[in-house]
Amino acid sequence: MLAGYVSADNVDEAKWLYERMPERNLISWNSMISGYLRCGEVEKARSLFDSMPQRDTVSWSVLISGYAQRDRFADALALFQDMQLEGIQPDETVLVSVISACTHLSALDQGAWIHAYIRKKQMKVNVILGTTLIDMYMKFGSVPNAMEVFRAMEEKGVSTWNALILGLAMNGFVKESLATFSEMKECNIVPNEITFLAVLGACRHMGLVEEGRRHFDAMSRKHGIEPTIKHYGCMVDLLGRAGKLTEAEELIANMPVPPDVSTWGALLGACKKHGDNVMGERVGRKLVDLQPEHDGFHVLLSNIYASKGSWDNVHEIRGMMRQHGVIKTPGCSMIEVKGTIHEFLAGDKTHPQSEDIEKMLDDMAKKLKMEGYAPDTREVLLDIDEEDKETTLFRHSEKIAIAFGLLTIDAPTPIRIMKNLRICNDCHMAAKLISRAYDREIVVRDRHRFHHFKQGSCSCLDYW
C-alpha cells in the first residue's frame, strides 16, 4: 500500500499509512524517503534518512539520486563521501548520480577518482554507467579518457554512441565525430533523434553546410525520423554561422512547426557575427517582444546598436531591461585546483590570492604584447575611451581564471576552465597566444563548445 501511494505521488496518504504501521522495515523507510523526494520535499527526506536506525545501499542510493535530480549536486557529493566513510559500497545507480554531480560541478578530479574506484573494485560498467562516464569526460574536454571508456565497454547502447559523437564534435574533433557516426551504422546500431542532433551539431561546429544538408535530408528519407524543432534549429544555426543568413531566415519561414525563440536566437547570433545589422535589428526586436525577460536577446540587440554607434537605441534597450527587471547574466569562469572549485567574475578581486593574480595578469599582458597581441576593443561595446576598453577586456573572467591556473597548476597538466557564456573574440585570441607564450595547454569550455588551445592555435580553427 505504501509503495502504491508513493508511486501515485500521494505523499500525504503515504505518510498517514507510514506513521500507523505497527512495524517498519528498511523497505518502508526507503519507500517513504523516495515519496518525499518525488514530491520535492528534500529536507523531510533527509530528516527521515538521518533518523533511520540502520541503512542499506538502497537508502543511500535513493537520497543521493534525489539530490542529483533536484540539482543539489554538492549535497549529492557530500552524502557520497559520508557513504564512503561508513564503508558502504555504492551500486551503479549511486555512481551514475555522483558522476553526474561531478559533471555539473566541474569537479574532474573527483569524477576521475570515482572512475578509478570503479576500476579498483572491478565493477562492471554497464551501458548507463559507461555512457555517464563518457559524457563526464567529454564535458571536461578529456577526450582520451572518454575514448578509453568507450573502447572498454562490452555493451554499448545508442545513447553511448550519441554521447561519443556529440562529445567529439564539442571538442573540435568533427572529422572523428562523423566517422564514429559511420562506424555506428556499420555496427547496425539504429540512430535516433538525438543521434542526428549530435551529427548536425558536428556539422555546425565546422561549417559543413553541404554535409549537414545531406544528413538532415537522410533523417526522414532513409531513417523515417521526422525533424523536430531542435533539428531545424541546428540547421538554422549551421546556415547562419556559415553566413547564409537569407537561407536561414527562409528555412524558418518554411518550417512545418512554429519556430521557437531558440531558433530565432540562433539567427540573431549569426546576424551579430556577420555584421548584418538590418536583419539583426529586425530579428532582435521580434525576440525582445516574444521574450521580454530574456537577458541574452536584449544584450545582443544592444550590441548590434552599439556596433553602429546608435547610442540612443542602446539606452532604449537598457531602459527596457530595467523596466522588465532583466539583469544581464555576468560572465563567470570556474577552474578546479586540487579538488576545489574556484569561481571568477569579470573584474573579480575577491579571491584570497587576488594580489598574486593581478601580478600574473600584468605578466600575461607583457608577454602578450611581445607576441603581437592587440586588444579587440570592439568586444567592449560601451561609450568609453579606448584605454578603458582595454582595461575592461583584460579583466574578463576567463583571463583571470587562466592567470590563476598558471599560478596554481603545474605543467604539463592542462589548465581547464568552464565558462557560462560564449568566449569572446578577444579572450579567444589571448588564450591562443598565452598557450604559446607559456607553453601550456589551455582548455576552455564555453556555453557552446570546447576550445583546446595549444602552441598558439585552437581546436576550433577559429570557427565558433
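The model is predicted; local features need pLDDT of at least 70, side-chain atom pairs count only at pLDDT 80 or more, and totals for chains, interfaces and linings use all residues. Residues are numbered from 1 along each chain as its sequence is written, and side-chain values use heavy atoms, without hydrogens or water.

Two packed helices are described by the angle between their axes and the distance between the axes. Helix H18 spans residues 277-290 and helix H19 residues 295-308. Helices (H or I, at least four residues) are DSSP runs, numbered from the N terminus. The axes of H18 and H19 lie 9 Å apart, at an angle of about 150 degrees. H18 is therefore roughly antiparallel to H19. Angles over 145 degrees count as roughly antiparallel, under 35 as roughly parallel, 65 to 115 as roughly perpendicular and the rest as oblique. Axes are lines fitted to C-alpha atoms, for helices over the stretch in contact, and angles run from 0 to 180 degrees between N-to-C directions. The crossing of H18 and H19 is left-handed; that is, the near helix is turned anticlockwise from the far one by less than a right angle.

Contact means heavy atoms within 4.5 Å. On the H18 side, the contact is made by Asn 277, Gly 280, Glu 281, Gly 284, Arg 285, Leu 287 and Val 288. H19 contributes Phe 297, His 298, Leu 301, Ile 304, Tyr 305, Ser 307 and Lys 308. Six of these contact residues are nonpolar, five polar and three charged. Ala, Val, Leu, Ile, Met, Phe, Trp, Tyr, Cys and Pro count as nonpolar, Asp, Glu, Lys and Arg as charged, and the others, Gly among them, as polar.

A search of the whole structure finds seven aromatic pairs. Rings of Phe, Tyr and Trp (its six-membered ring) pair if their centres lie within 6.5 Å; planes under 30 degrees apart count as stacked, over 60 as edge-to-face and the rest as tilted. Trp 113 and Tyr 117 are stacked, at 5.7 Å centre to centre and 25 degrees between the planes. Both residues lie in helix H8 (residues 108-120), four residues apart, about one turn of the helix. Trp 113 is partly exposed, at 46% relative accessible area, while Tyr 117 is buried, at 10%. Buried means under 20% relative accessible area, exposed over 50%, and partly exposed in between (1.4 Å probe, protein chains only).

Phe 150 and Trp 161 form an edge-to-face pair, because their planes stand at 80 degrees, with ring centres 5.0 Å apart. Phe 150 belongs to helix H10 (residues 143-152) and Trp 161 to helix H11 (residues 158-170), so the pair ties together parts 11 residues apart in sequence. Phe 150 is buried, at 1%. Trp 161 is buried too, at 4%. Elsewhere, ring pairs link Phe 80, Trp 113 and Tyr 117 into a cluster.

Three single residues follow. Arg 70 sits in the loop between helix H5 (57-69) and helix H6 (73-85). Arg 70 is partly exposed, at 39%. Beyond its neighbours within four places in sequence, Arg 70 contacts Leu 37, Arg 38, Cys 39, Gly 40 and Val 42. The C-alpha atoms of Arg 70 and Val 42 are 8.4 Å apart, across 28 residues of chain.

His 396 lies in the loop between helix H22 (386-393) and helix H23 (397-408). His 396 is buried, at 18%. Not counting residues up to four places away in sequence, His 396 touches Ala 346, Cys 424 and Cys 427. Lys 272 is found in helix H17 (residues 261-274) and is partly exposed, at 32%.

Note on methods:
Helix = DSSP H or I, 4+ residues; strand = E, 2+ residues; numbered from the N terminus.
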